[in-house]
Amino acid sequence: METKIEKFEDINYVIRYPNGYEEGKKYPVILMLHGSGTRGTDPKMLLKNAAFTVTERCFEDFPFVMVAPQCHTNTWFDIFESLKRFAVMIAEESYTDRERLYLMGVSMGGYGAWQLAMSLPELFAAIVPICGGGMYWNAARLVNVPVWAFHGGRDTTVFPEESRKMVDSVNRHGGSAKLTIFPENGHNAWDDTFSSKEVFDWLLSNKNSNTKPIEDIYKDSLIYG
C-alpha cells in the first residue's frame, strides 16, 4: 500500500492508497482522526498510529483510501473550522466515492468524529467513534448516519458512559447506533477495533442515503437557553 504525506491549509495529513490503486477510479474512503498522542507538526508520527500499523498488519487487501489529518494544536476543536473544510475537500477528491465516505476517530479523535459527523452529517455514510464522546443532546443530527461505537470497559481516561450516552441518544432520536464494549480493555479500544474485519465489512455495507430530514429540536426555544 502506497503512502503519501500532503498538506491542506495548515493541516498536514497522511494518505494511504489501497493495493492496485488506479487514478480516476472511485474508492471507499476512511477519514481517520487520531488521539492526543499523535498531535504535533511531524506527519510521519501518523505512520506509527494504530490506524495504519494494525490495518497494514492484519489485512493483506485493505480496500479503503485512508486519510489521516494531524492535529497541531491542543485538540481538534481548536482547528475545527479547518477540519470541516478538510473533510469537505476529501469528499470532493477524484478518488472519493461520495456514497462511501466513512469517519473513524480514537479518543480525542473519537470526540472529534462525533462532532464532525454532527456538524456535517450529509457527508458520511457511517462512523466508528472509538473511546470518545460528545454532545449527546445534539445526536438527532445523526439520524441518517449509522454508528458503531467502541469502548474499553475499564477505561478510566474516557469513561464508557460517554459512548453509551451518545449511542442511546442517536437511537432515541430515530437513528441507528450500536456500541461494543471490550470488557477487559482500558483506554485502548482501538487495536481490537482496527484488527476486526467485521468492522470494515460493516462500513462497506453502508452507503450514504440522507433520506430522513434533520430537525433541530432545540431551536428557537428559550427553555434551552
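Two strands are taken as paired if DSSP finds at least two bridges between them. All views below show a predicted model.

**Figure 1. The open sheet of eight strands.** The strands follow the order β1-β2-β4-β3-β5-β6-β7-β8, and their pairing is mixed. β1 (3-8) and β8 (177-182) are the edge strands, each of them pairing on one side only. On average, neighbouring strands of this sheet are turned by 20° against each other, direction ignored. Pairing in a sheet is made through backbone hydrogen bonds, either parallel or antiparallel.

**Figure 2. The hairpin of β1 and β2.** The two strands run antiparallel and are joined by six bridges. F8 has I11 of β2 as its bridge partner. Two residues lie between the strands of the hairpin, and E9 in the turn has a positive phi of about 50°. S82, placed in helix α2, also belongs to this view: leaving aside neighbours within four places in sequence, S82 is in contact with F8, E9, D10 and I11. S82 counts as buried because its relative accessibility is 11%, under the 20% limit for a buried residue.

Figure 3. Helix α1 (residues 50-58) lies across β2 (11-16), β3 (27-33) and β4 (65-69), and its course makes about 5° with β2.

**Figure 4. The parallel pair β5 and β6, with helix α3.** Strand β5 (residues 96-106) pairs with strand β6 (residues 126-130) in the parallel sense, over five bridges. V106 of this pair stands opposite I130 in β6. Helix α3 (residues 108-119) packs on the sheet and touches β3, β5, β6 and β7 (147-152). The direction of α3 makes about 140° with that of β5.

Figure 5. Most residues other than glycine have a negative phi. S107 lies in the loop between β5 and α3 and is buried, with a relative accessible area of 11%. The place of C131 is in the loop between β6 and β7.

**Figure 6. The cysteines C71 and C131.** Which cysteine sulfur is closest to that of C71? The closest is the sulfur of C131, but at 16 Å it is too far for a bond, because a disulfide requires the two sulfur atoms to be within 2.5 Å. C131 is accordingly in no disulfide, and the count of disulfides comes to zero. Where a disulfide does form, it is a covalent bond between the sulfur atoms of two cysteines. C71 is buried, with a relative accessible area of 0%. C131 also counts as buried, at 0% relative accessibility.

**Figure 7. The largest nonpolar core, around L116 and F124.** Which of the 43 residues in this core touch the most other members? They are L116 and F124. At least two residues of the core come from each of β2, β3, β4, α2 (80-91), β5, α3, β7 and α4 (161-172). Helix α2 gives the most, with seven residues. Not counting residues up to four places away in sequence, F124 touches L31, A87, L101, Y102, L103, L116, A117, V145 and N208. Another core, of 30 residues, lies apart from this one; its members include L46, F59, F194 and V199.

How values were computed. Residues numbered from 1 in each chain as written. Predicted model: local features only at pLDDT ≥ 70, side-chain atom pairs only at ≥ 80, totals over all residues. Heavy atoms only, no water. Helix = DSSP H or I, 4+ residues; strand = E, 2+ residues; numbered from the N terminus. Axes fitted to C-alpha atoms, helices over the stretch in contact; angles between N-to-C directions. Contact = heavy atoms within 4.5 Å. Buried < 20%, exposed > 50% of the residue type's maximum accessible area, 1.4 Å probe, protein only. Core = buried A, V, L, I, M, F, W, Y, C linked by side-chain atoms within 4.5 Å.
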